Amino acid sequence: MATTTPTRGAHGSRPSRRAPKPMTARRQAWRSRLWRFDDKASPYAYIAPFFLVFGAFGLYPLVYTGWIALHRVEMTGLDQMEWVGWENFANILQDSEFWTAVSNTFVIGVISTVPQLMIALGLAHLLNYKLRASTFWRTVILTPYATSVASAALVFALVFRADGGLLNWVLGFFGAGETNWANGHWSSNIAIAVIVIWRWTGYNTLIYLAAMQAVPSDLYEAASLDGASRWQQFRNVTIPSLRPTILFTIVISTIGSMQLFGEPLLLEGGQIGAQGGTEHQYETLSIYLYNYGWNLGHLGPAAAVAWAMLVLLLLIAGINWLIGRFVRKTAA
Amino acid sequence: MTTTHTVTAPDRGQVSKAAVRQDLPRRNRFKQGAGRQHHAGPFAYIALAVVGLGSLFPLYWTLVAASRTQDEVLDTTPPLLPGGNLFNNLDAAWEQASLGKAIVNTVIVSSSITLATLFFCTLAGYAFAKMRFKGRGALMTTVIATLTIPPQLSVVPLFMMMSDIGWGGQLESVIFPTLVSAFGVFFMRQYLLEALPYELIEAGRVDGANNLRIVWSIVLPVARPAMMVLGMLTFVQAWNDFFWPYLALNQQNPTLQVALGQLSASYVPDQSIVMAGALISTLPLLVVFVIFGKQIVGGIMSGAVKG
């Protein structure tokens, strides 16, 4: 039944208007004017709340951030702004800690997104089989989604503890020595990536599963008639059909990984967390922004970091777009 | 399960995007989707069981740690079974982090955000799905584009604005920016596009109903299932939100997540008490999840395919 209905897209034609009831001429004119106004204004009235809220608390602050970034503003006196020009930008760009944060954000983003989406794809494939208690499995896999960043980060902080941590204890059975997870650059980034993977794999799995179930089974039938194995069907039918969905999850996960905050903040907690580790080994851009603005109290540089994030985001969007175009071209 | 495929084969080349989008709200497609002709072998069950254990174990261990003493939690051999210290820890967490106030705040924040989101998103979703007006396409694109803007980009001025208008540290500063969500608008639009036939709206018009009346007596009843799902998704998200509340609220007036963050940031946090706090902040949602899990699963599957 998957694809039977004929399309009526968003821009399809709409059936014609109702026939007005017989009325006196004047009342009819008045009523039809009222109707027309109702018709013209209502859609705008219905969508207005979104644009008002977004304008006031999203777009306006976004632009205003750029203005603040050119000023000295301290947490202690929010109403005093002093023009400093590009100084804030110069300061953060010369700060090696900023570049550490950029590279950490990038590294954690890659090592959390790639395995996460691959696991999700595999899991979705399993869930797409005829399965006993399929709802149960889907719910179990999604459960971490119902957990907050804070709870997840705090539990995993105990799992990744150096001595007496759950993970080191388990690894001890395999003869591995104790790793001080939070202390190393790679180990701490991996620890944070694990928290991200734990929370979001189930979510992505369900997105893939939904897309897989929309693939017409004719394709599979045709493929098996041609003698394709299950693995070949997965590679040559499922994956190509899922391409737009995969691209979508990549975009969403990338944006999500730009925002990592709670996981690094709470991995060790306290003042160490607010700096992203004793040597900033797991400091992300959000932590860097927080540290400047809310920990040290300098809002100007914090705003400059926000704009740097915007530039990075546009850069990533551009790369995404290029890859998308490349993929489409090679597919065609 | 031989599915009822009376369909003529669609154009192979372009299955994905359009096809995926068109049959979104058809509920039974989750039950008999294509490509499910094979039964799962034992390997599938083993793999799912392993992943399932991995999903649930951290939650279980939260309970274990919350019911032990700090010394036991930090022991070189971590405990794997719950102990008897749960209520002491809950008490301590309750006091140290003023969790009572935090719970009340979280309930206020989450429910007002959820109600407002449902109301505004249904209206906007209906307008985008079924009404024709100038600039609809461009405006809808704008809505979707806003999904990609992280909150980090605007928190600095937002913080200053909130303190300017006297909402600094107040719940309003957390509630108002999230009164309506782009995801919600998109979600409701996708649903109403299919679920609400034009004939129904026409019938209302013939009966002389104005637009508001049509919304009230035709759109809302049709939209109810999707509103349920959107409501739960929004509630979960509002309950768990961390970044902006952590910056905007202070120690005296926290939400649960903020209180939890502060509890762990205190000078010498007792880990078992922190875990008790984590348990308190997670438990209500887990209960919601156990009850409504099926609907939330279905909601994510129907709403998140954006192609």
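How much accessible surface does chain B have, and what share of it belongs to carbon and sulfur atoms?

1. **Surface of chain B.** This is a predicted model. The accessible surface of chain B is about 13100 Å². Carbon and sulfur atoms account for 64% of that surface.

2. **Make-up of chain B.** Chain B has 14 helices and zero strands. Read from the N terminus, its elements run α-α-α-α-α-α-α-α-α-α-α-α-α-α.

3. **Burial and contacts in chain B.** The chain has 307 residues, and 56% of them are buried. Now take the contacts in chain B between residues at least 6 apart in sequence. Of these, 73% join residues at least 24 apart.

4. **A helix pair across two chains.** Two packed helices are described by the angle between their axes and the distance between the axes.

5. **Residues at the contact.** Helix 1 of chain A contributes A:Ile47, A:Phe50, A:Phe51 and A:Phe54. Helix 6 of chain B contributes B:Leu139, B:Thr142, B:Val143 and B:Thr146. Which classes do these residues fall into? Six are nonpolar, two are polar and none is charged.

Definitions and conventions. Residues numbered from 1 in each chain as written. Chains lettered and ligands numbered in written order. Predicted model: local features only at pLDDT ≥ 70, side-chain atom pairs only at ≥ 80, totals over all residues. Heavy atoms only, no water. Contact = heavy atoms within 4.5 Å. Helix = DSSP H or I, 4+ residues; strand = E, 2+ residues; numbered from the N terminus. Nonpolar A, V, L, I, M, F, W, Y, C, P; charged D, E, K, R; others polar. Buried < 20%, exposed > 50% of the residue type's maximum accessible area, 1.4 Å probe, protein only. Areas by Shrake-Rupley, 256 points an atom, 1.4 Å probe, with all protein chains shown as cover.
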